[in-house]
Amino acid sequence: MTIRAFVMGHPVAHSRSPMLHGYWLKRYGIDGSYERLDIPPAELDRFFQDFRAAGWAGGNVTVPHKTAVIPHVGRLDPAAEAMGAVNTLWYEGETLVGGNTDAIGFIGNLDERAPGWDARGGHAALLGAGGAARAAIHGLRQRGFTVGVFNRTLARAEALATRFGPGVSAHSIGELPAALAATDLLVNATSLGMTGQPANELDLAALPAHAIVYDVVYVPLETGLLRAAAARGLRTVDGLGMLLHQAVAGFTHWFGAVPEVTAELRAILEADIRAKTPGG
Ligand SMILES: NC(=O)c1ccc[n+]([C@@H]2O[C@H](COP(=O)([O-])OP(=O)(O)OC[C@H]3O[C@@H](n4cnc5c(N)ncnc54)[C@H](OP(=O)(O)O)[C@@H]3O)[C@@H](O)[C@H]2O)c1
């Protein structure tokens, strides 16, 4: 019987998850499907009422449902509990589990693209306090980094510092330039620099020479922030690998094989992004 999984969101047309799960299904010869479901918020309850009968093995959850699905699951995994958001659903026996693999994706990407990044511990300056920032904080704290959260809306940064506790501090965005000299890892987890959004004009001159600059934005692949970091000779990490690595655990739960993040898969997604991004 065909195993069925999905990505649900609203809108969801832009999602590249069907492309990457479709690649793995083919590569591993699995009788499975991965479908794109546009579920408006008003239809969320109904979607979960019909979930079992529809035969879903599980799926991915994206904006705007990452928090709204929580009352519909039987239990949360520890990462979803810590982040207060769900991005992956799967069954364990009869229990629908809400998990979050975004932190695994965030860290897996760093491990792949900047090996040794956490060898001596360190401090991260994180720009943003939304969903991607939560994943970054959870992952970085697990690897022993302290995190300063800098956000346009200070109250959202403060809410994250309260949620995650010691080791996480909240700051206004205006405090970031002065903090760069003591930063080992700079992360952009805002939509700044994304195609169609304002540019990220942070001056990187004060970052130490060993600092790594990580942008979770992957459209375009090379954001202005990463270009500026590369021009300074700093190590850079783009956001595409986060998308690839967060998908591994979901695929494993639904389809029963541990998929590999290969250079070929990355190249397929890179080509798609470049084809659809002006100047990408
Ligand atoms: N690579 C991946 O796998 C991956 C995964 C998730 C997300 N992302 C990317 O990460 C980015 C953020 O996504 P998200 O889900 O975290 O979004 P979100 O929850 O809506 O948070 C957006 C963040 O961006 C900030 N922001 C937006 N416009 C800004 C501006 N003009 N100036 C300063 N700050 C601004 C917001 O600040 P305020 O709080 O002040 O509004 C907030 O901190 C998106 O580009 C998304 O595509 C990538």
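Is Ser 17 buried or exposed? I looked up its value before anything else. Ser 17 counts as buried because its relative accessibility is 7%. Buried means under 20% relative accessible area, exposed means over 50%, and partly exposed is in between, with a 1.4 Å probe and protein chains only.

**Ground rules.** I noted that this is a predicted model, where local features need pLDDT of at least 70, side-chain atom pairs count only at pLDDT 80 or more, and totals for chains, interfaces and linings use all residues. Residues are numbered from 1 along each chain as its sequence is written, and side-chain values use heavy atoms, with hydrogens and water left out.

**Ser 17 again.** I found Ser 17 in helix H1, residues 17-27. Helices (H or I, at least four residues) and strands (E, at least two) are DSSP runs, numbered from the N terminus. Leaving out residues up to four places away in sequence, Ser 17 touches Val 7, Tyr 34 and Leu 243. Contact here means heavy atoms within 4.5 Å.

**The sheet.** I traced an open sheet of 6 strands in the order S2-S1-S3-S5-S6-S4, and its pairing is mixed. Two strands pair if DSSP finds at least two bridges between them. Strands S2 (32-38) and S4 (75-76) are the edges, each pairing on one side only. S1 (residues 3-9) runs parallel to S2 over 7 bridges. Arg 4 stands opposite Ser 33 in S2.

**Cis bonds.** His 10 and Pro 11 are joined by a cis bond, with omega about 0 degrees. Pro 11 sits in the loop between S1 and H1. The bond from Val 219 to Pro 220 is also cis, with omega near 5 degrees. Pro 220 belongs to the loop between S11 and helix H9 (224-231).

**The cores.** Which residues have the most contacts inside the largest nonpolar core? I listed Phe 106, Leu 110, Leu 126, Leu 140, Leu 185 and Tyr 214, in a core of 32 residues. A nonpolar core is a set of buried Ala, Val, Leu, Ile, Met, Phe, Trp, Tyr and Cys residues joined through side-chain atoms within 4.5 Å. Elements giving two or more residues include helix H5 (102-113), strand S7 (122-127) and helix H6 (131-142). H6 gives the most, with 5 residues. I then followed Leu 185. Beyond four places in sequence, its contacts include Leu 110, Leu 140, Phe 145 and Tyr 214. Another core lies apart, with 25 residues, among them Tyr 23, Trp 24, Leu 25 and Val 248.

**Val 261.** I placed Val 261 in the loop between helix H10 (240-255) and helix H11 (263-276). Val 261 counts as partly exposed because its relative accessibility is 22%. Its contacts, not counting residues up to four places away, are Trp 24, Glu 112, Leu 244, His 245 and Val 248.

**The ligand.** How many residues surround the ligand? I noted 21, and the closest are Ala 132, Asn 151, Arg 152, Thr 153 and Arg 156. A residue counts if one of its heavy atoms lies within 4 Å. Next I read off polar contacts, which are pairs of N or O atoms within 3.5 Å. A polar side-chain atom of Asn 151 is 2.7 Å from a ligand oxygen. For a side-chain N or O atom of Arg 156, the distance to a ligand oxygen is 2.8 Å. Val 216 uses a backbone N or O atom, 2.9 Å from a ligand nitrogen. The protein covers 76% of the 920 Å² of accessible area that the ligand has on its own. Such areas come from the Shrake-Rupley method with a 1.4 Å probe.

Key
Polar contact = N/O pair within 3.5 Å; in protein donor to acceptor, adjacent residues only side chain to side chain.
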